Amino acid sequence: MSSVPTICSDTASEPLLRKDQGLRTRLRTKWLGLDRVSRTVFLAFGLMIGLALSLRIAIEVLHPFDNWPGPRITLPPDHDTLKDDESRRRSVRSAMKHAWDGYRQYAFGHDELKPVSNGFNDKWGGWGVTLVDALDTLYIMDLYEEFKEGVAHVVDVDFGKAQSGYTTPFFEMIIRSLAGLLTAYEMSNDRRLLKKAQQVGDALFPAFNTTTGIPYPRVDVNRGTAVSSSHVCLAEAGTVQLEYWKLSELTGNDKYHQAAQRVVDILDKADKPYPGLYPIWIEISSGKMTSGQITFGGQGDSWYEYMLKQYLYGRQKHEQYKRMYIESIDAMKEKMIRTSIYESNMVYLGDLDSTATKFNPKLQHLTMCCSVTRATRVYRQTRTRTTLKLRTCQQQVGSRNAMGFTLATIRSYILRPETVESLMVLYRTTGDAKYKEWGWQIFQSIEAFTKTGTAYSAYKDVMSANASSQWSDSMESFFLAETLKYLYLLFSPVDYYSLDEYVFNTEAHPFKIHRSGSF
């Protein structure tokens, strides 16, 4: 009698999955099929996720960190603010003198000084951008001999030419070179500077030669033609209006203002994903905004800034600018401001996608501080309450432990001015001395970590205190044009270049408010 063979298998005792099983049964079968180690790992992972979710919900509901202390500035009872201001102005003026002397010795007439190697570059086409950008700062700080020396060089520069093969960035040279020459003229009444300003305005004017009037982003000034492009970013197209309006006012030729104003009119009427919010990329041939994030940071920031500043420059007579700005600020408040999950009185301004539906919790330097400035100014001038809390900005700048925020992915400091710009405006509009103290702390850090034997250098990693190893051998012209100027004005009387009499362009060049406000 033959026996029936037995089939032996290591998996004979394991549950079998069958197609007719329901989801619950199939999951249970899968679970029972796991070995002990796999089950343990899976359970631990699940517990970690559950704990993280529970903590997040608890933070949102209970706000356990609300009572954590923020930055405090305590002034002694005998604190002599005026005496401090005089001393601090002298310190900032000395910093400007140090930077200018280094530029004068090693890079005079060139675009930028290399403050570590004592070399220079002409990355802006060789117009001597640092010199032009710094002229009005020299004048404001009573450095008149240095100002005269700079003017003597500028009047011999041919702004109708650039380095061979170079194409000039339209927006950058409008806000730096055209604006710098216009303000230097208004301060000194030297008509040679106005002539040079008009030469710059004319050299860059071919940018408007498009079917819509939306400008191209670059110009070949040697050929007198624009460089063709399909798109231009919002800030580049929408941050030339003040400069060309001022040029029209001073020359009596309205063509400059008309060309720049046409851009505002097109964007005002353009379709937007949400009223008041503009994606950053504009199709030049149609004027449509169809792509790019919505941001008050890089590539978008100064467009919103100039809506307000045009309203102020025009003596508050043109309702279009006020309407557009308030619409944008209201939309920003509704769609783009968030509160820290760790501390409820810390807010930040993030970005949106091009449809204005998806929020990106990214806080940019250009966003967090410039928006404070604009919110304060629009409240003062148009009575629209849009105050943002500077504490977020100061916490980010002044502390290694910015509660409620992760460390920045970009940790360099390129001598940017936006924080001290905000402090200057906030002090002048509130009178709160803490903004001066914050500004002084920032200046002391600039002195301690970025000062070289020649001038001041951009810094690679602000989390490192090993200064010389972090110098990147770069000093942008805006350090002299903006950062040091705003620090000097922070410690100056509020009626010195008063915000009621001047509008500062986005490169800190102060334009006297239009005589009549008319187009």
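Reader: Among contacts between residues at least 6 apart in sequence, what percentage join residues at least 24 apart?

Author: In this protein chain it is 67%, where a contact means heavy atoms within 4.5 Å. Bear in mind that this is a predicted model, in which local features need pLDDT of at least 70, side-chain atom pairs count only at pLDDT 80 or more, and totals for chains, interfaces and linings use all residues. Residues are numbered from 1 along each chain as its sequence is written, and side-chain values use heavy atoms, with hydrogens and water left out.

Reader: Why is the pair of Y496 and Y497 called edge-to-face?

Author: Rings of Phe, Tyr and Trp (its six-membered ring) pair if their centres lie within 6.5 Å; planes under 30 degrees apart count as stacked, over 60 as edge-to-face and the rest as tilted. The centres of Y496 and Y497 are 5.0 Å apart and their planes stand at 90 degrees, so the pair is edge-to-face.

Reader: What makes Y497 buried and Y496 partly exposed?

Author: Buried means under 20% relative accessible area, exposed over 50%, and partly exposed in between (1.4 Å probe, protein chains only). Y497 has 12%, so this residue is buried; Y496 has 26%, so that one is partly exposed.

Reader: How do you know that R338 lies over the face of F359?

Author: A charge sits over a ring if NZ of Lys or CZ of Arg is within 6 Å of the ring centre and within 35 degrees of the ring normal. R338 is at 3.9 Å from the ring centre of F359. Likewise, K255 lies over F205 at 4.9 Å, and F205 belongs to a cluster linked by ring pairs, with F170, F208, Y244 and Y256.
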